[in-house]
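Reader: I've got a structure to go through and I'm new to this. Can we take it step by step?

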Amino acid sequence: MEKPFQRILLIKMRFHGDMLLTTPVVSTLKRRYPDAKIDVLLYQDTIPILSENAEINALYGLKNKKANTGEKIANFVDVLKQLRANRYDLIINLTDQWMVAALVRCLPARVKISQAFSHRQAAFWRKSFTHHAPVVGDHIVERNLSALRPLGITDDCRELTMSYTGQSWQAMREQLNAAGVGEHYVVIQPTARQAFKCWDNSKFSQVIDALHHQGYEVVLTSGPGADDLACVEEIAGACATRPVTALAGKTRFPELAALIDHAALFIGVDSAPMHIAAAVKTKIIALFGATDHIAWRPWSDDAVVLWAGNYQPMPTRDQLDRNRRYLSVIPAEEVIAAAQKLLSPLNAAGSTGGSL
């Protein structure tokens, strides 16, 4: 493997946060092979979170489960044709879907590395790749980077990359100005794709009131879905001083990154915006329930992680009730106390003084 690679394909078929956690792999490869073009194969829906990353040459999207069979087949064939035309000499796979093995077999790269998944030991899978790298590490970032070991790479780049343009921040700043938000604000993302990752709306309202009392404005963000927007509205409606909700469901990922980057603090649950906060080095309070708070914790040295398992036992993955809010056992006072440690007191106009 001494010869430098010129065209590299990285494969990861997961959700938005997972994709952001692959960026250290991209950065490490770019540092090792600076002249190489690095492409990423991912789900179409997750393209926006990597769309501004300058280290990535091209993003190729496959349709996810929501598309019908005909659409998925046509899309797969079209993407495969494009990938074959690129003539990769290195492929690195970080996902365990069977379709990936079939796709990789159709790409004539001289080196094909996959993570060695314990549940993918069938001959078809193993023979689809030239190398299988043991999955090593406590955090997903570390596990992703372990796929590079067959290349002899040990000097990893361990930072996340979440890129955005100046125009994205300008758009956010203009909307903040319109909402009367100054420089000192906190971003709270209370929503997640699944209920078992969510906290109580009433407790978010208590935290927002405490932040306002300290002199900080609060901006609530969320996905565009009706349930997410209803959640944001319920939280805002229960606050003594209403937080800013105008941006909820309306920010693209690069804009959300710009918004979080300029915030004094990010508070949220286990979701992609939490990983964005880690990437842009904003202080974080992250709430975790019945998910792996070690593997998926914020990849940051400036974060407080509050895990529901410290208050009562959490179920194993096979016993998980996806409709139960396990985070409910985390007291609002714990989040308020964590915010007090991470934030400086302000004497903002309209503040009644006091402390968090």
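This is a predicted model: local features need pLDDT of at least 70, side-chain atom pairs count only at pLDDT 80 or more; totals for chains, interfaces and linings use all residues.

Reader: OK. Is Trp125 buried or exposed?

Author: Buried, because its relative accessible area is 0%.

Reader: And what about Trp98?

Author: Trp98 is partly exposed, at 39% relative accessible area.

Reader: How many aromatic pairs are there?

Author: The count comes to six. In one of them, the ring centres of Trp98 and Trp125 are 5.6 Å apart. Their planes stand at 90 degrees, so that pair is edge-to-face.

Reader: Which helices do those two sit in?

Author: Trp98 is in helix α4 and Trp125 is in helix α5. The pair therefore ties together parts that are 27 residues apart in sequence.

Reader: How do the rings of Phe117 and Trp125 sit?

Author: Edge-to-face, because their planes are at 70 degrees, with the centres 6.3 Å apart. Phe117 counts as buried, at 13% relative accessibility.

Reader: Which residues form the aromatic cluster?

Author: Trp98, Phe117, Phe124, Trp125 and Phe129 form one cluster.

Reader: Back to α4. Which residues are buried there?

Author: Val100, Ala101, Leu103 and Val104 are buried in α4. Down the helix axis, the buried residues fall within an arc of 165 degrees, so they line one face of α4.

Reader: What covers them?

Author: The cover includes β1, β2, α3, β4, β5 and α5.

Reader: New topic: strands. How does β4 pair with β5?

Author: They pair in the parallel sense, over four bridges. Ile92 has Ile113 as its bridge partner in β5.

Reader: And β1 with β4?

Author: Those run parallel, joined by four bridges. Ile8 is partnered with Leu90 in β4.

Reader: Which way do the β4 residues point?

Author: Leu90 and Ile92 point one way, Ile91 and Asn93 the other, and all are buried.

Reader: What unit do β4, α4 and β5 make?

Author: A right-handed β-α-β unit.

Reader: Last one. How many residues are in the largest nonpolar core?

Author: It has 61 residues, and Leu29 and Leu151 have the most contacts inside it. A second, separate core has 41 residues, including Ala192 and Val207.

Note on methods: Residues are numbered from 1 along each chain as its sequence is written. Side-chain values use heavy atoms; hydrogens and water are left out. Buried means under 20% relative accessible area, exposed over 50%, partly exposed in between (1.4 Å probe, protein chains only). Two strands pair if DSSP finds at least two bridges between them. A crossover is right-handed if, with the strands pointing away from the viewer, the path from the first strand over the helix to the second runs clockwise. A nonpolar core is a set of buried Ala, Val, Leu, Ile, Met, Phe, Trp, Tyr and Cys residues joined through side-chain atoms within 4.5 Å. The arc is that of the directions from the helix axis to the C-beta atoms. Contact means heavy atoms within 4.5 Å. Rings of Phe, Tyr and Trp (its six-membered ring) pair if their centres lie within 6.5 Å; planes under 30 degrees apart count as stacked, over 60 as edge-to-face and the rest as tilted.
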